Number of protein chains: 2
Amino acid sequence: MSITSDILRGHTEAIILSHLLETDSYGYQINKDIMKKTDNRCELKEATLYSAFRRLEQAGYIRTYWGDETVGARRRYYSITEEGRRAYQVYRQEWEEAKAAIDQLLK
Amino acid sequence: MSITSDILRGHTEAIILSHLLETDSYGYQINKDIMKKTDNRCELKEATLYSAFRRLEQAGYIRTYWGDETVGARRRYYSITEEGRRAYQVYRQEWEEAKAAIDQLLK
DNA sequence: CAATATACATCGCCTGTCAAGGTATATTTT
DNA sequence: AAAATATACCTTGACAGGCGATGTATATTG
């Protein structure tokens, strides 16, 4: 069973930031990695992913640059900023609290 | 810090069903109880709550009846159905899976 | 007697998701 | 060589859930 978008909603940005904490990456790859990490249970649809990138960039949480691929399709890489790292910590904290609260409510 | 509605989204119906598993209740009370259970960290706004009630009723997960208050404002009570109990179990299962997946992604 | 609490309900906006569509390059299959 | 698939990017418009604002009515409290 895969996780509904309504449940994932609100975590999209944190998920992306978390991934960029490890290494710079690009859309297609991030998408694949997220699916792999969760045995295909989580999938961020492309449109969702790209609109999240826009928001994150607008917020100053990520920066973007074009890769220097000589073969294959061009890649737009994303890298997390200092502000992004701080924002991630807040997301993490929020997740811990939300988890506890929902656990409490669904007991 | 209170939990954002985007994180709560997708759990609203499960939270309500969970509450009705304990006892029949009415909107205002359910709202208060949810806040109390989570030290005011989760609040379902009235409009959110009532629209969730509509969906749950439509889905056949809850039934509704008017209380027989002789004093005070009238109360519309909600009670969970057998189908609702089954739906709740599915929500619970989904929550466990989502929790694991998000934990994995935010590691 | 004004304010606050209890209790229900609706309207319309906002925001994140995503189906559908598009572009371009490289590889694999038929 | 042509078709199919995979890699990689992006946009548009519709949809659904949350919720601010607003309205109704009754009871209590200062």
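This is a predicted model: local features need pLDDT of at least 70, side-chain atom pairs count only at pLDDT 80 or more; totals for chains, interfaces and linings use all residues.
Colleague: Let's begin with chain B; why is His11(B) called buried?

Modeller: His11(B) has a relative accessible area of 3%, and buried means under 20%, so the residue is called buried. His11(B) sits in the loop between α1 and α2 of chain B. Leaving aside residues up to four places away in sequence, His11(B) touches Ile7(A), Ile102(A) and Trp95(B).

Colleague: What makes Asp103(B) and Lys99(A) a salt bridge?

Modeller: Their closest N and O atoms are 2.9 Å apart. The cut-off is 4 Å, so the pair counts as a salt bridge. Across the interface of chain B and chain A the rule finds 4 salt bridges, along with 12 residue pairs in polar contact, both residues at pLDDT 80 or more.

Colleague: Which element gives the most to the side of chain B that touches chain A?

Modeller: That is α5(B), with 12 residues. By class, this side of chain B has 15 nonpolar, 6 polar and 10 charged residues.

Colleague: How do you know how much area chain B and chain A bury between them?

Modeller: Buried area is what two parts lose in accessible area on being put together, summed over both. For chain B and chain A the value is about 3,300 Å², with 68% of it on carbon and sulfur atoms. In chain B, Ile7(B), Leu105(B) and Leu106(B) lose the most area to chain A, together 23% of what that side buries. The contact draws 31 residues from chain B and 30 residues from chain A.

Colleague: Now the DNA. What makes the approach of Arg75(B) to a phosphate oxygen of DNA strand C a polar contact?

Modeller: A polar side-chain atom of Arg75(B) lies 2.4 Å from that phosphate oxygen. The limit is 3.5 Å, so this is a polar contact.

Colleague: And how do you know that Gly27(B) makes one too?

Modeller: Here a polar backbone atom of Gly27(B) is 3.4 Å from a phosphate oxygen of DNA strand C. That value is also within 3.5 Å, so the pair counts. From chain A, an N or O atom in the side chain of Arg9(A) is 2.7 Å from a sugar or linking oxygen of DNA strand C.

Colleague: What share of the atoms of DNA strand C within 4 Å of the protein belongs to sugar or phosphate?

Modeller: The share is 74%, and the rest belong to bases. The residues of the surface near DNA strand C divide into 9 nonpolar, 6 polar and 10 charged.

Colleague: Which element gives the most to the surface near DNA strand D?

Modeller: α4(A) does, with 4 residues. The surface near DNA strand D has 9 nonpolar, 5 polar and 10 charged residues.

Notes
Residues are numbered from 1 along each chain as its sequence is written. Chains are lettered from A and ligands numbered from 1 in the order in which they are written. Side-chain values use heavy atoms; hydrogens and water are left out. A residue is near a molecule or strand if one of its heavy atoms lies within 4 Å of it. A polar contact is a pair of N or O atoms within 3.5 Å; within protein, one must be able to donate a hydrogen and the other to accept it, and residues adjacent in sequence count only if both atoms are side-chain atoms. Ala, Val, Leu, Ile, Met, Phe, Trp, Tyr, Cys and Pro count as nonpolar, Asp, Glu, Lys and Arg as charged, and the others, Gly among them, as polar. Contact means heavy atoms within 4.5 Å. Buried area is the accessible area (1.4 Å probe) that two parts lose on being put together, summed over both. A salt bridge is a side-chain nitrogen of Lys or Arg within 4 Å of a carboxyl oxygen of Asp or Glu. Helices (H or I, at least four residues) and strands (E, at least two) are DSSP runs, numbered from the N terminus. Buried means under 20% relative accessible area, exposed over 50%, partly exposed in between (1.4 Å probe, protein chains only).
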